[in-house]
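User: I have a structure open and want to learn how to read it. Where do I begin?

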Amino acid sequence: MIDRDRELTGRAAVLAATDHHPFVRHALRRDDRPRAWVRDGAVAWVFPMAENDRAGGVVGPVDAAVELVAALVADGAVRPGQYLQLPRADRSLLVGRFGATRVDDWEFLWTATGPSRQSGQERVVRLGPADHPALSALIDDAFPTTSSRPEDATVVDWYGIRDADRLVACGADRSRGDIGFLAGLTVARDRRGRGLGAALTAGMTRALLTRYDHVGLGVYADNLAALRLYRRLGFTGTLRRSSVWLG
């Protein structure tokens with residue numbers, strides 16, 4: 001059962017309990033009003049009026065986080081089909097405890113400093129509605145599995161690199177909390193290996209650091225090439241995560 005004596009209410013209380021961790025500052029939108037609980041060093045939050053399958057998240061020690069989520073499930077605070085973002089945990093444990101139908105392992109990376117200068121970063125420009133058809137074409141061909149799309153209302157801005165009249169790289173600004181957030185970084189298939197990914201990441205990071213004190217991004221744990229690139233560009237803050245869809 002959830003310990004009601006250790007319950008927190010509101011975004012500010014959750015941020016204070018987690019020492020204003022960059023991940024939590026990103027995960028909680030400024031207008032979110034989560035309920036949260038603290039147990040054995042873990043802090044879990046849920047969104048009572050979740051508008052989709054995003055139920056909430058947990059930070060802290062893995063074992064304490066799993067037990068806290070188990071209490072949330074037992075009390076009906078989260079429901080089957082929703083997902084929570086937990087500290088990295090063994091897949092078999094998550095399936096066994098929660099009947100997880102899907103587990104995605106990924107890394108949340110962040111930086112507070114601008115990357116070293118990358119060749120071509122001056123070519124990064126902000127895109128507008130007129131560029132949406134070109135964005136859709138590039139994403140459909142080069143990164144069809146991404147959820148970052150021109151029609152997505154949660155995207156704040158789009159950035160890209162053009163070669164003459166052709167859009168050859170793009171990325172989404174999906175900042176939603178107190179830090180900047182890069183998503184959907186995409187390079188045309190026939191332009192890979194030429195430094196465009198580094199240029200795009202550097203240009204976007206520098207642009208967002210004019211508005212935020214940190215910039216973060218997420219990358220799947222098995223995408224080793226991307227992890228090497230982002231760490232080379234200064235994204236050395238790391239939080240290992242598992243997104244868990246409850247069965």
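Analyst: Begin with burial. A residue counts as buried when its relative accessible area is under 20%. Keep in mind that this is a predicted model.

User: Is Arg11 buried or exposed, then?

Analyst: Arg11 has 12% relative accessibility, so it counts as buried. Arg11 is found in helix α1, residues 11–17.

User: What does the side chain of Arg11 reach?

Analyst: Backbone oxygens. One belongs to Leu28, at 3.0 Å. Another belongs to Arg25, at 3.4 Å. Leaving out residues up to four places away in sequence, Arg11 also touches Arg29, Arg30, Asp32 and Pro34, among others. Gly177 and Asp178 are on that list of contacts too.

User: Now the interior. What is the general idea of a core?

Analyst: In soluble globular proteins, nonpolar side chains tend to be buried together. Here the largest nonpolar core has 34 residues.

User: Which residues touch the most other members of that core?

Analyst: They are Leu109, Trp158, Ile161, Cys170, Leu182, Tyr230 and Phe235. Several elements each supply at least two residues, including α5 (132–142), β8 (157–163), β9 (166–173) and α7 (224–232). Helix α6 gives the most, with 6 residues. A second, separate core has 23 residues, among them Ala65, Val66, Leu84 and Phe98.

User: How do I read a helix such as α6?

Analyst: Start with the general pattern. An α-helix has 3.6 residues a turn, so residues three or four places apart point the same way. Now check the length. Helix α6 has 13 residues and reaches 18 Å from its first C-alpha to its last. That is close to the 18 Å expected at 1.5 Å a residue.

User: Why is α6 described as largely enclosed by the rest of the structure?

Analyst: Because 10 of its 13 residues are buried. Those buried residues include Leu196, Leu200, Met204 and Leu208. The buried residues of α6 pack against β6 (102–111), β8, β9, β10, β11 and α7.

User: Next, strands. How many bridges join β8 to β9?

Analyst: There are 7, and the two strands run antiparallel. Trp158 stands opposite Ala172 in β9. The strands form a hairpin with 2 residues between them. In that turn, Ala164 has a positive phi of about 60°.

User: And which way do β9 and β10 run?

Analyst: Antiparallel, joined by 4 bridges. Ala169 stands opposite Val187 in β10. This hairpin has 6 residues between its strands. Look at burial again: 7 of the 8 residues of β9 are buried, so β9 is largely enclosed by the rest of the structure.

User: Can we zoom in on one residue of β9?

Analyst: Take Gly171, which sits in that strand. Its relative accessible area is 0%, so Gly171 is buried. Beyond its neighbours within four places in sequence, Gly171 is in contact with Trp158, Ala183, Leu200 and Met204, among others. Sequence distance is another thing to check. Gly171 and Leu127 are 44 residues apart along the chain, and their C-alpha atoms are separated by 9.7 Å.

User: What does Trp158 touch?

Analyst: Leave out residues up to four places away in sequence. The contacts of Trp158 then include Val125, Leu127, Leu135, Ile139, Pro150, Cys170 and Gly171. Recall that Trp158 is one of the residues touching the most other members of the largest core.

Terms used:
Residues are numbered from 1 along each chain as its sequence is written. This is a predicted model: local features need pLDDT of at least 70, side-chain atom pairs count only at pLDDT 80 or more; totals for chains, interfaces and linings use all residues. Side-chain values use heavy atoms; hydrogens and water are left out. A nonpolar core is a set of buried Ala, Val, Leu, Ile, Met, Phe, Trp, Tyr and Cys residues joined through side-chain atoms within 4.5 Å. Buried means under 20% relative accessible area, exposed over 50%, partly exposed in between (1.4 Å probe, protein chains only). Contact means heavy atoms within 4.5 Å. The expected span of a helix is 1.5 Å times one less than its number of residues. A polar contact is a pair of N or O atoms within 3.5 Å; within protein, one must be able to donate a hydrogen and the other to accept it, and residues adjacent in sequence count only if both atoms are side-chain atoms. Two strands pair if DSSP finds at least two bridges between them.
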